[in-house]
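This briefing concerns the structure shown below. Please read the notes with the sequence and coordinates open.

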Amino acid sequence: MNTAVGLPIDIACQSEENLPHGDRQMIVILDFGSQYSELIARRIRETQVYSEVLSYRITPEEIRRINPKGIILSGGPRSVYSDYAPQCDPEIWELGIPILGVCYGMQLMVNKLGGKVTQADRGEYGKASLLIDDPTHLLTNVENGVTMWMSHGDSVTTMPPGFELLAHTENTPCAAIANHERKLYGVQFHPEVVHSQGGLALIRNFVYHICDCEPSWTTAAFVENAIQEIRAKVSDRRVLLALSGGVDSSTLAFLLHKAIGDQLTCVFIDQGFMRKLEPERLLKLFQEQFHIPVEYVNARDRFIDAIAGVTDPEEKRRRIGHEFIRVFEETSKRLGHFDYLAQGTLYPDVIESAGTNVDPKTGERVAVKIKSHHNVGGLPKDLRFKLVEPLRKLFKDEVRKVGRSLGLPEEIVQRQPFPGPGLAIRILGEVTAERLNILRDADLIVRQEINQRNLYNQYWQAFAVLLPIRSVGVMGDQRTYAYPVVLRIVTSEDGMTADWARVPYDVLEAISNRIVNEVKGVNRVVYDITSKPPGTIEWE
């Protein structure tokens with residue numbers, strides 16, 4: 001098996017004896033707490049080279065076992081001189097593996113190798129023009145004066161011995177530095193963010209020319225190795241798949257069906273939080289068009305009862321995740337024994353649930369939990385199933401590519417993300433039958449108007465949110481006191497960051513007019529113009 005494209009392993013959570021061996025061709029990112037660490041991994045994967053985010057506490061021995069082609073040190077929120085500033089093992093500098101430090105990673109490198117980092121007179125945040133002093137090696141094909149994204153208060157004022165200046169900006173004298181002999185590089189900006197116009201070229205230079213990687217992380221190779229891994233893990237046992245109809249679980253269904261055939265049983269649990277007409281559409285599509293049997297379970301009442309009166313979003317997610325597992329356990333018992341439960345869990349789910357960068361000894365998390373996804377943080381501690389999650393380290397765009405390669409129709413491949421807890425987390429506060437019906441009708445109008453204008457594929461997500469408050473309005477010369485609906489329409493590449501969509505006014509007007517006229521109980525429509533960060537895409 002070509003280990004360069006095998007199923008990813010979360011090294012940070014593995015014991016030493018379970019670490020991978022051999023010639024795995026990959027770039028590892030040591031995470032120092034940056035909000036962009038996973039974005040670095042995604043950018044590297046765009047070059048068709050596998051990458052993964054690991055804890056900065058990883059030991060040199062573990063790195064040797066993994067044998068990466070290169071190491072990237074992420075940014076982070078702390079100063080290198082602050083108390084509790086994260087530090088990597090100093091032996092890492094001596095491994096002979098190319099290293100690229102980004103922002104905090106560069107400052108840490110400078111600080112530990114004999115240079116000087118000081119608090120700048122002026123911080124630099126946002127876009128800055130990169131003035132190139134050495135257009136070779138790391139900055140080959142990066143245009144002089146190109147825009148790069150800055151976010152730092154400290155700056156390098158003295159380079160370590162053996163380092164050379166590659167670039168500067170108006171406010172930052174050492175914006176990019178290098179020790180070519182030791183293959184140690186540092187940049188003060190963030191090449192991984194979309195605002196850095198020459199960022200991907202820089203990353204390609206590091207991956208291909210400095211680390212000598214080859215583009216072996218391909219969809220075809222992933223599918224082939226995933227099938228081998230699934231067969232090896234499952235053997236002749238039966239697998240129960242939690243099917244939702246989205247691109248993640250649908251891709252997983254096709255992948256598992258190809259790997260183990262009739263050992264797979266797909267179960268669709270109708271938890272009562274789906275969008276209008278979606279359960280019927282899903283069943284027809286899989287059973288009549290794909291010829292993959294689906295066991296339908298109507299559990300609407302028990303799910304609504306499970307979150308009755310609950311207003312805290314984390315508690316909603318926890319109870320929904322718990323109830324999902326209980327229903328699957330009952331379904332497994334009814335259909336016959338199943339050892340494995342398959343889920344379409346993705347890397348962003350794990351990241352946002354703080355499932356990465358866990359110290360195996362202390363349990364301390366480097367990342368801060370943003371929200372518990374029902375399929376990660378919402379799982380009960382007494383879970384009876386063994387999990388099968390071959391998509392766990394893929395980003396959404398990678399899953400779409402895998403889905404296409406397996407023959408999924410574009411109707412599913414391009415389906416906008418829909419949360420596992422469904423409309424339950426798009427109704428703020430308590431979820432009731434009345435509020436569900438209102439939101440279903442409003443959501444349908446949003447989708448119809450977007451689809452009618454062929455705008456669906458231009459947006460990452462477009463949906464409605466119901467607020468648990470009422471406002472005064474006037475309709476037909478009469479006073480109304482009804483709910484407001486929030487429109488949330490965003491653009492994104494991977495769901496890790498997002499921007500509010502500049503939807504044409506006539507489209508917003510059409511959606512608003514239809515909702516207030518056709519959806520009983522709503523008299524006001526507002527538009528959310530918050531990006532991620534600081535907000536999240538979903539409201540809960």
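Is G246 buried or exposed? G246 is buried, as its relative accessible area is 8% (buried means under 20% relative accessible area, exposed over 50%, partly exposed in between, with a 1.4 Å probe and protein chains only). The model is predicted: local features need pLDDT of at least 70, side-chain atom pairs count only at pLDDT 80 or more, and totals for chains, interfaces and linings use all residues. Residues are numbered from 1 along each chain as its sequence is written, and side-chain values use heavy atoms, with hydrogens and water left out.

**Annotated binding site**

- In an unreviewed UniProt entry, the annotation "binding site" covers S244, G245, G246, V247, D248, S249 and S250; UniProt positions follow the numbering used here, feature names are shortened, and annotations may be inferred rather than shown by experiment.
- G246 lies in the loop between β11 and α6, where helices (H or I, at least four residues) and strands (E, at least two) are DSSP runs numbered from the N terminus.
- Residues up to four places away in sequence aside, G246 touches I412 and R415 (contact means heavy atoms within 4.5 Å).
- V247 belongs to helix α6 and counts as buried because its relative accessibility is 3%.
- With residues up to four places away in sequence not counted, V247 touches K396, V399, R400, I412, V413 and R415.

**Annotated active site**

- The unreviewed UniProt entry lists C103, H190 and E192 under "active site".
- These residues are spread over 90 residues of sequence, yet they cluster in space, with a largest C-alpha distance of 11.3 Å.
- H190 sits in the loop between β10 (184-187) and α4 (199-210), and its 4% relative accessibility makes it buried.
- Beyond neighbours within four places in sequence, the contacts of H190 are Y36, V102, C103, W149, S151 and S196.
- E192 is also found in the loop between β10 and α4; E192 is buried, with a relative accessible area of 1%.
- Beyond neighbours within four places in sequence, E192 is in contact with Y36, L39, I40, R43, V102 and I203.

**Open sheet and its helices**

- An open sheet of 5 strands has the order β13-β12-β11-β14-β15, with parallel pairing (two strands pair if DSSP finds at least two bridges between them).
- β13 (294-298) and β15 (386-388) are the edge strands, each pairing on one side only.
- On average, neighbouring strands of this sheet are turned by 30 degrees against each other, direction ignored.
- Strands β11 (residues 239-242) and β14 (residues 340-342) run parallel and are joined by 3 bridges; L241 stands opposite A342 in β14.
- α6 lies across β11, β12 (264-270), β14 and β15, and runs at about 160 degrees to β11; axes are lines fitted to C-alpha atoms, for helices over the stretch in contact, and angles run from 0 to 180 degrees between N-to-C directions.

**Helix pair α5 and α6**

- The axes of α5 (residues 219-234) and α6 (residues 247-260) come within 9 Å and cross at roughly 65 degrees.
- V223, A226, I227, I230 and R231 in α5 meet L255, L256, K258, A259 and I260 in α6.
- The residues of this contact divide into 8 nonpolar, no polar and 2 charged; Ala, Val, Leu, Ile, Met, Phe, Trp, Tyr, Cys and Pro count as nonpolar, Asp, Glu, Lys and Arg as charged, and the others, Gly among them, as polar.

**R318 in helix α9**

- R318 is found in helix α9 (residues 313-335) and counts as partly exposed at 40% relative accessibility.
- From C-alpha to C-alpha, R318 and P421 are 9.7 Å apart in space and 103 residues apart in sequence.
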